[in-house]
Amino acid sequence: MALTLKYKSRTSERTESGYVRKQTLQGSFDECTAYQTTHAIGEYLSGFGRLASSSISQHEGNIWQIELRYTEDPSGLSVSIGTVPPDTSFGVFSAVLDVTMMSNPLEAHPSYRTCWNHYLAARDDATTESPSWWSTATDPLLTGTAAQTYRWMKSESELIIGPDAEGHTWKLVKKRTKAADQYDVALYTQTETARFATFALACAAIAAKANRTASSPGVANGLTGGNWKCDRATVRYSGAWLASITWTMSYDSSGWDSDLYDPVAATN
């Protein structure tokens, strides 16, 4: 048999702390137990609220029943505006996104310019103290005639004092335009939790993803650019075996190095 709603079992009560709604399902003992196992405390049911408790008892003969008690805040906003509160234990609503900052060298910035963190020195016979390439150069290595009369320097202490071997003198003509040598990059991590029947199944799910990449985490978040890598995972028991997996998004659009990290295997 399949679980059925017990006649006249649905009730709804409004209290100072919110709504309390109950309903009772009937079926075999195994069906009631299976339902209790697969529906975690805190799970949200539209029109009822969060599952607060579930209780199994024998009704008569081989007919068993499970009483389900739900609670909801007094505003009822989760129903009236269609917003579903998160499931605190597993599934889609378990996803947690975290953003931290990672420092990168200026040279790694996609718009990097040499003048950001280099000083420019000019020889006494330089044609100008502000060459046209000063603000657009991306490589501190100069070539041609520019290499003879100009020098990029990481520090003012590199400036030649007095005449050089050829008798020329040098002076600082341009200071670096950025004070810092690094810049911040947003680093996104997303943790998701899934439910498994056994510890072994939870561990196997983690092993299939650990240190592997994916185009997006299991729960889509709308972030684009780059890809994700499974960097951390844990398994714990809370009414069922819960595997939590943390994905880290690559800090640039090129993604995690495919020579170093394999993608998560496709599943049918």
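**Note on the predicted model**

1. Gly47 sits in the loop between β4 (44-45) and β5 (49-60); strands here are DSSP runs of E of at least two residues and helices runs of H or I of at least four, numbered from the N terminus. With a relative accessibility of 36%, Gly47 is classed as partly exposed, the range between buried (under 20% relative accessible area) and exposed (over 50%), using a 1.4 Å probe and protein chains only. Gly47 and Tyr70 are 23 residues apart along the chain, and their C-alpha atoms are separated by 9.8 Å.

2. The model is predicted, so local features need pLDDT of at least 70 and side-chain atom pairs count only at pLDDT 80 or more, while totals for chains, interfaces and linings use all residues. Residues are numbered from 1 along each chain as its sequence is written, and side-chain values use heavy atoms, with hydrogens and water left out.

3. The protein chain contains 4 helices and 14 strands. Its radius of gyration is 32 Å, well over the 18 Å that the globule rule gives for 268 residues, so the chain is more spread out than a compact globule. That radius is taken over C-alpha atoms, and the rule is 2.2 Å times the number of residues to the power 0.38. Along the principal axes, the C-alpha atoms fill a box of roughly 110 × 45 × 25 Å.

4. Of the 268 residues, 33% count as buried. Contacts (heavy atoms within 4.5 Å) between residues at least 6 apart in sequence join residues at least 24 apart in 64% of cases.

5. In helix α4 (residues 199-207), the buried residues are Ala202, Ala205 and Ile206. They cover an arc of only 100° around the axis, which places them on the same side of α4; the arc is that of the directions from the helix axis to the C-beta atoms. Ala200 and Ala207, on the other side of α4, are exposed. The cover over the buried residues of α4 includes β11 (182-196), β13 (228-237) and β14 (241-249).

6. Pro110 belongs to the loop between β7 (91-105) and β8 (119-123). Its relative accessible area is 76%, and Pro110 is thus exposed.

7. On charge, the protein chain carries 23 positive and 28 negative side chains, and the centres of the two sets lie 6 Å apart. Lys and Arg count as positive and Asp and Glu as negative, without His or the chain ends; each charge is placed at NZ of Lys, CZ of Arg, CG of Asp or CD of Glu.
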